Amino acid sequence: MTKRLLHLFVLALLVAAGGRSSSAADADAAPPRRIVSLVPAVTQMLYAIGAGPRLVAVSNYDREPPEVAQLARVGGLLDPDTERILALRPDLVIVYQAQHELEQRLTQAHIRYFEYAHKDLANVSSTLRALGDVLGTRAGAERVATGIEAKLRAIAARVAGLPRPRVLLVISRDPQSLRNIYADGGYGFLHDMIAIAGGREIFDDVKRENVQPSTELILARRPEVIIELRYGGAVTRPDDLAPWQALPSLPAVRNHRVYELVGDVFVDAGPHVAEATEQFARTIHPEAFK
Amino acid sequence: MLTIGGFGAVAVAACLLAPLVGSTRISLVHAFSRTTPFADNVDAQIFFLARMPRILAAALVGASLAIAGAVFQALLRNPLASPDTLGVSGGAALGAMIAITFHLDVSLFGVPAIPIASFAGSIGALAIVYLLATARRRGLSSMTLLLAGVALNAFFSALVLFVQYFADFAETFRSVRWLMGSLDVAGYTPIVAVIPLLALSAAGFATLPRALDLLSLGGDAAAVRGVDVRRTERIALLSASLATGASVSIAGPIAFVGIIVPHLVRLIVGADHRLVLPASALAGAALLVGCDVAARTLFSPLEIPVGVITAFVGAPFFLYLLMRRS
């Protein structure tokens, strides 16, 4: 596993109340030209709406798109390098909603910031549009946002009317055993993606980003499809999914419907959410994509 | 004998009642019915694959920690001694942190890396303490052992923090979770793997009661009465550490069982170790099975880490015992 899991976990812990994407300063200031982004999902959005060249620095965890390799690194959610950020003389900093201290320093330095909150899937297109407003690239942002929405609608249409199997989405667990499972709960972008992909998560009723279910709870909820996520450069092995054989009554195990999906698209609620949703849909409903 | 029977009855009752409750309602009749094949019988699987292994793990871990605590307290002639005192738990935690942070991905006889690493850590800690305590003089000095344990625990905590500093957030989160303890072993493999270790330590414990009684009079007094003090100390240390290491590898560090259970038991049965040791094992088993029931059901479907419950119940209870004594 990699540092990328950070986002899921930290943000799950810090899901702050409210959480609107907003800019601290007045919106009619000149469009920013030197942007620092501490949020990988937003970095990708900036490239998608054509504002990538305006970035001067990104977080330590940014890997996509490949262009970020050239940019300066200024820490992350827990350890933003305030000094370096100020030294880069940005006119806009993309921060997490929980980074209050950094926000205070930026306000003191008269630097605008854009607050990103990690929320549900709809938040992706609303963040894109808000970025478009702040950056003066409204048209580009609108195009990307409507593109994502159209793709998501197409996926939903494709699986419409099909039975919705019970899905267990596993975010992490101990290797070689079924201990310490973190499963996706009934809130957040992953949850929305599974719903659009035609699945019904077994922890729908737990309105949290993730759940640590006991073996008993997994047995009782009888998932028909199990999807395990692996992030970034994770090394997969043929026997990764073998521990599930310990619970043969799970319909997913009995019907050989335990899958492993690899990729950072499942961590960052960025411009690739539609592609990730399609991967879920192809996994849950292969029959719809023949 | 009667009192042991009483403790036994409580432990057995706890083990029999505990599988009846959980986050899900199951039908016992269906769980034991032969008409549905096991692979299709969810009630049976919840009973046999989720609940029974947990209760077995809780009973074994509770018994091991309690008896190890009783032995450490007798051996060191110190009421505050517990399985944590000699740095055994600290070493185990360090082992587990290393396995989690650096993604050790080896398994031995089907046992994954984290339990193996934590067991290795606890035995490593014991070896260091033992070498320190025997280095300068013949026999063990209980004071040296205690102080070495305190220092080693602090040293291991520092190393745990150091290792965690290199971990990313997800790994840190997992390791913090490990430190809270969990009995959801999801199958019998982890239990079967530690049975030989527990059997070995039980054999060691069985030889100890008379010698521990005499040792409570002091090492010299015991030696005069024909106790081979060095041998007793070695067997006691090794058995108690094996038991602790095996428990920690199954469940993570679980606080307070090893310290409160022996005190509680001595209040009831007195100081005779022929009674204290088995009664501690039985009471420890009953207590941890009970705490795990609370962990599983209080906030179901969410589950509270069992180590949080034992500390929550244990710490106030320990304070109560202290106040009563003084």
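Let's start in chain A, where helix H6 (residues 138-159) packs with helix H10 (residues 273-284) at an angle of about 10°, their axes 9 Å apart. H6(A) is therefore roughly parallel to H10(A), a label for angles under 35 degrees. Axes here are lines fitted to C-alpha atoms, for helices over the stretch in contact, and angles run from 0 to 180 degrees between N-to-C directions. Helices are DSSP runs of H or I with at least four residues, strands are runs of E with at least two, and both are numbered from the N terminus.

This is a predicted model, in which local features need pLDDT of at least 70 and side-chain atom pairs count only at pLDDT 80 or more, while totals for chains, interfaces and linings use all residues. Residues are numbered from 1 along each chain, chains are lettered from A, and side-chain values use heavy atoms, without hydrogens and water.

At the helix pair, A:Ile148, A:Leu152 and A:Val159 are among the H6(A) residues that meet H10(A), whose partners include A:Val273, A:Thr277 and A:Ala281; contact means heavy atoms within 4.5 Å. Chain A has 10 helices and 12 strands. Of its 290 residues, 58% count as buried, meaning under 20% relative accessible area with a 1.4 Å probe, protein chains only.

Terms used: Buried means under 20% relative accessible area, exposed over 50%, partly exposed in between (1.4 Å probe, protein chains only). Angles under 35 degrees count as roughly parallel, over 145 as roughly antiparallel, 65 to 115 as roughly perpendicular and the rest as oblique.
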